[in-house]
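Here are a few friendly notes to read alongside the model. Please keep the structure open as you go through the points.

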Amino acid sequence: MQDLDFALFRLVNAGPTVPAWTLRFAEFASDLLPALLMLVVGACALVSRRWRYALFTALVSLLAVWLLVNLVRTLAPIPRPAFYGLGIQWVPQGVRPGFPSLHAAGAFAAAFSLWCLPSRAPMIAALLVAAMVAWSRVYLGLHFPSDIAAAAMLGALVSLVVERGVSRPLSQAASGPVVARWRARVRRARAANGQAPTSNSAATP
């Protein structure tokens, strides 16, 4: 299995003769695409409640992924390709463990957090972004393909657990009987003060 991992790494890792623009694009994909993905989700959350739900799920998922990746790296510090003298590490990473990839896990967690939206198009687009991030980490010589595969599975699992175990219960609580009674009191108070009542019902995504 390790031999296959090494072979796939050599196949994807950028060699000394690759065009310079491919390295710049890989660095952009590695460092800036995850932030741009979250920026787009945050912008959409400004105008849509469902996107706010997805943004909350993504943020909690990112925190959980960060904690889990660091826990795994502490308990099982699997080295990066440079430790074995494989390929070229185009971006210095030192001797830090590389399994699983934090960049890839975060990108896939954010992407899978969008599955709760009515349309699948945003999630598919986000998964393409996550795939580019994952590719860039191997292309730049920072991770093995196994680091990426584990990161993708971790990101997907964490986003699912967070959506079902955190986001959904909180959303249901926010539209539950207690909140409904509070809103009814607010409407009655506004009516008593001569203000027009407003509709502010919330539905579970």
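**Notes on the predicted model**

1. Helices here are DSSP runs of H or I with at least four residues, strands are runs of E with at least two, and both are numbered from the N terminus.

2. Trp21, Phe25, Phe28, Leu32, Leu36, Leu39, Met132 and Trp135 make up this nonpolar surface patch of about 750 Å². Two or more residues come from each of α2 (20-31), α3 (33-45) and α6 (121-139). Patch members have over 30% relative accessible area and no salt bridge; nonpolar side chains (Val, Leu, Ile, Met, Phe, Trp, Tyr) are joined within 5 Å, like charges within 9 Å. A salt bridge is a side-chain nitrogen of Lys or Arg within 4 Å of a carboxyl oxygen of Asp or Glu. Areas come from the Shrake-Rupley method with a 1.4 Å probe, and for residues only the protein chains shown count as cover.

3. Leu32 counts as partly exposed because its relative accessibility is 45%, where buried is under 20%, exposed is over 50% and partly exposed is in between (1.4 Å probe, protein chains only).

4. Now for Leu62, which sits in helix α4 (residues 49-75). Leu62 is also partly exposed, because its relative accessibility is 26%. Leaving aside residues up to four places away in sequence, Leu62 touches Met38 and Gly106; a contact means heavy atoms within 4.5 Å.

5. What does the whole chain look like? The protein chain has eight helices and zero strands. Its radius of gyration is 22 Å, well over the 17 Å that the globule rule gives for 205 residues, so the chain is more spread out than a compact globule. That radius is taken over C-alpha atoms, and the rule is 2.2 Å times the number of residues to the power 0.38. Along its principal axes the C-alpha trace spans about 75 × 35 × 25 Å.

6. How far can the model be trusted? The chain averages a pLDDT of 90, and 90% of the residues score at least 70; pLDDT is the predictor's confidence in each residue, from 0 to 100. Over residues 199-205 the pLDDT is below 50, and this stretch has 12 contacts in the model beyond near neighbours in sequence.

7. Some housekeeping. Residues are numbered from 1 along each chain as its sequence is written, and side-chain values use heavy atoms, with hydrogens and water left out. As this is a predicted model, local features need pLDDT of at least 70 and side-chain atom pairs count only at pLDDT 80 or more, while totals for chains, interfaces and linings use all residues.
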